[in-house]
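Work through the exercises below with the sequence and the coordinates at hand. Each task is followed by a solution in steps.

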Amino acid sequence: MTAASHLDIHHVPLAELRQTARRYALNPNLAALLPDGDGRTWARLAGDARLDVWVISWPEGTETGWHDHGDASGALAVASGVVIEQTWALGTVQQRTLAEGDTRAFGRDHVHNVIGAGPGRSLTVHAYAPGLVEMGRFELGPDGPARLAAAEDASSW
């Protein structure tokens, strides 16, 4: 198998990632699938080498910090509440508010910060392809996000 054909096996179009996240976000029992905790919590809902699906709980004011998704493209769907996605464009931080029912898809080179905007606890579903293995941390500087260190194991987020 060539490197190109290996990548094709794991390629999932952004539209499919968005549709997958949206479908899982319709589950009315999502909150019951999360571990207990006062902070941001998450649980893997499904996955294999081709695709990962996670649910994340966002208490109001919690955030991921600036990060990427390693080699994965992704999509998120808001199941309840509101989150804010921050990205860097045109020399400044851009903010996008996403509310229940909204979705957002992004490619492998996407760096962002996601913030739970409430009210109360928000729930989002994230689909990644290929399966989420590593995530990189970034610090926001005057020229935009700058990578801090080597990528981290995605399960620690």
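## Exercises on a predicted model

The side chains of His 112 and His 110 are joined by a polar contact of 3.4 Å. The model is predicted, and its mean pLDDT is 90, with 89% of the residues at 70 or more.

**Exercise 1.** Locate His 112, decide whether it is buried or exposed, and describe its surroundings.

*Solution.* 
- Step 1. His 112 sits in the loop between E5 and E6.
- Step 2. Its relative accessibility is 1%. Buried means under 20%, so His 112 counts as buried.
- Step 3. Besides the contact with His 110, the side chain of His 112 makes a polar contact of 2.7 Å with the side chain of Glu 85.
- Step 4. Leaving out residues up to four places away in sequence, His 112 touches Thr 64, Gly 65, Trp 66, His 67, His 69, Glu 85, Gln 86, Thr 87 and Phe 106.

**Exercise 2.** Classify Asp 109 by accessibility and give its C-alpha distance to His 69.

*Solution.* 
- Step 1. Asp 109 belongs to the loop between strand E5 (103-106) and strand E6 (113-129).
- Step 2. Exposed means over 50% relative accessible area; Asp 109 has 69% and therefore counts as exposed.
- Step 3. The C-alpha atoms of Asp 109 and His 69 are 8.1 Å apart, while the two residues are 40 apart in sequence.

**Exercise 3.** Describe how E3 and E4 pair, and examine the turn between them.

*Solution.* 
- Step 1. Strand E3 (residues 73-89) pairs with strand E4 (residues 92-99) in the antiparallel sense, over eight bridges.
- Step 2. Within this pairing, Val 82 is opposite Ala 99 in E4.
- Step 3. The two strands form a hairpin with two residues between them.
- Step 4. Leu 90, in the turn, has a positive phi of about 55°, although Leu 90 is not a glycine. Most residues other than glycine have a negative phi.
- Step 5. Leu 90 counts as exposed because its relative accessibility is 86%.

Notes. Residues are numbered from 1 along each chain as its sequence is written. This is a predicted model: local features need pLDDT of at least 70, side-chain atom pairs count only at pLDDT 80 or more; totals for chains, interfaces and linings use all residues. Side-chain values use heavy atoms; hydrogens and water are left out. Helices (H or I, at least four residues) and strands (E, at least two) are DSSP runs, numbered from the N terminus. Buried means under 20% relative accessible area, exposed over 50%, partly exposed in between (1.4 Å probe, protein chains only). pLDDT is the predictor's confidence in each residue, from 0 to 100. Two strands pair if DSSP finds at least two bridges between them. A polar contact is a pair of N or O atoms within 3.5 Å; within protein, one must be able to donate a hydrogen and the other to accept it, and residues adjacent in sequence count only if both atoms are side-chain atoms. Contact means heavy atoms within 4.5 Å.
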